[in-house]
Amino acid sequence: MGKKRGIWSLNFSTASLVLIPAAVGINYIGKFFAEALKLPLFMDNIGTIIAGALCGPVIGGICGALKNIIYGLTASPVSLVYALTGLGIGLTAGITAYKGLFKSYKGALITGLLIGLVAVVISTPLNIIFWSGQTGNVWGDAVFTYLMANKVPVILSSLVDEAVVDIPDKILVAMISFAIYKNLPKRLTSLYTMEEETESL
């Protein structure tokens with residue numbers, strides 16, 4: 001009989017340890033191509049969301065933070081600042097999956113919205129502290145410039161700047177992640193189940 005693992009279980013199985021670099025690699029590739037193609041989105045959390053759905057918030061959070069750290073050390077130092085955002089995204093993905101949201105496209109949509117809101121809340125203060133409120137995304141920063149020119153307070157301008165990029169990005173990424181997740185072979189997902197076997201009495 002199976003008993004559900006605690007949400008904060010440290011599930012560092014061999015399968016989980018193999019998943020971490022794979023998830024970080026998927027994130028890295030997504031971010032690299034989004035920046036290279038100058039897309040209006042970040043596209044850098046597919047691996048994080050899948051890891052969170054498979055293994056829970058602890059592994060998801062590790063994958064999210066590592067993506068920013070590794071990308072920051074190898075491609076763009078700016079990314080280092082947002083390791084905390086990556087951590088928040090992974091934790092949220094794991095929590096929502098644990099609560100059963102990541103079982104349908106509707107649930108994935110809600111998951112993406114929640115992750116987007118978490119990313120906005122964490123990233124906006126970082127943007128203000130380090131970059132005068134801007135995100136570095138050309139689309140979001142165009143909105144920021146417009147709002148500032150119309151004397152909107154910097155905190156609100158920065159919040160909107162982040163939201164117009166992050167929320168659509170996280171919804172799209174969550175939907176893509178769910179499409180991949182639901183098509184993974186059962187024999188693969190069973191390695192990461194949040195159920196643990198207990199002896200029948």
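Angles between axes under 35 degrees count as roughly parallel, over 145 as roughly antiparallel, 65 to 115 as roughly perpendicular and the rest as oblique. The structure is a predicted model, in which local features need a pLDDT of at least 70 and side-chain atom pairs count only at pLDDT 80 or more, while totals for chains, interfaces and linings use all residues. Residues are numbered from 1 along each chain as its sequence is written, and side-chain values use heavy atoms, with hydrogens and water left out.

Helices here are DSSP runs (H or I, at least four residues), numbered from the N terminus. Two packed helices are described by the angle between their axes and the distance between the axes. The axes are lines fitted to C-alpha atoms over the stretch in contact, and the angles run from 0 to 180 degrees between N-to-C directions.

Where contact means heavy atoms within 4.5 Å, helix 2 contributes Ile46, Ile49, Ile50, Ala53 and Leu54, while helix 7 contributes Val173, Ala174, Ile176, Ser177, Ile180 and Tyr181. Of these residues, 10 are nonpolar, one is polar and none is charged, on a scheme in which Ala, Val, Leu, Ile, Met, Phe, Trp, Tyr, Cys and Pro count as nonpolar, Asp, Glu, Lys and Arg as charged, and the others, Gly among them, as polar.

Helix 2 also meets helix 1. The axes of helix 1 and helix 2 come within 7 Å and cross at roughly 155 degrees, which makes helix 1 roughly antiparallel to helix 2. In this contact, Ser16, Leu19, Ala23, Ile26 and Asn27 of helix 1 meet Ile46, Gly47, Thr48, Ala51, Leu54 and Cys55 of helix 2, and the residues divide into seven nonpolar, four polar and no charged.

How exposed are individual residues? Buried means under 20% relative accessible area, exposed over 50%, and partly exposed in between, with a 1.4 Å probe and protein chains only. Alanine 22 is partly exposed, with a relative accessible area of 39%. Lysine 31, also found in helix 1, counts as buried at 9% relative accessibility, and, leaving aside residues up to four places away in sequence, touches Phe42, Met43, Asp44, Tyr71 and Ser79.

Two other lysines sit in loops. Lysine 38, in the loop between helix 1 (14–36) and helix 2, has a positive phi of about 55 degrees although it is not a glycine, and it is exposed, with a relative accessible area of 67%. Lysine 151, in the loop between helix 6 (138–149) and helix 7, has a positive phi of about 65 degrees, again without being a glycine, and is exposed at 76%.

Helix 5 (residues 105–131) bends by about 30 degrees at serine 123, and proline 125 follows within four residues; the bend is the angle between axes fitted to the seven residues ending there and the seven starting there. The buried residues of helix 5, among them Gly107, Thr111, Ser123 and Asn127, pack against helix 2, helix 4 (83–98) and helix 7. After helix 5 comes serine 132, whose phi is positive, near 60 degrees.
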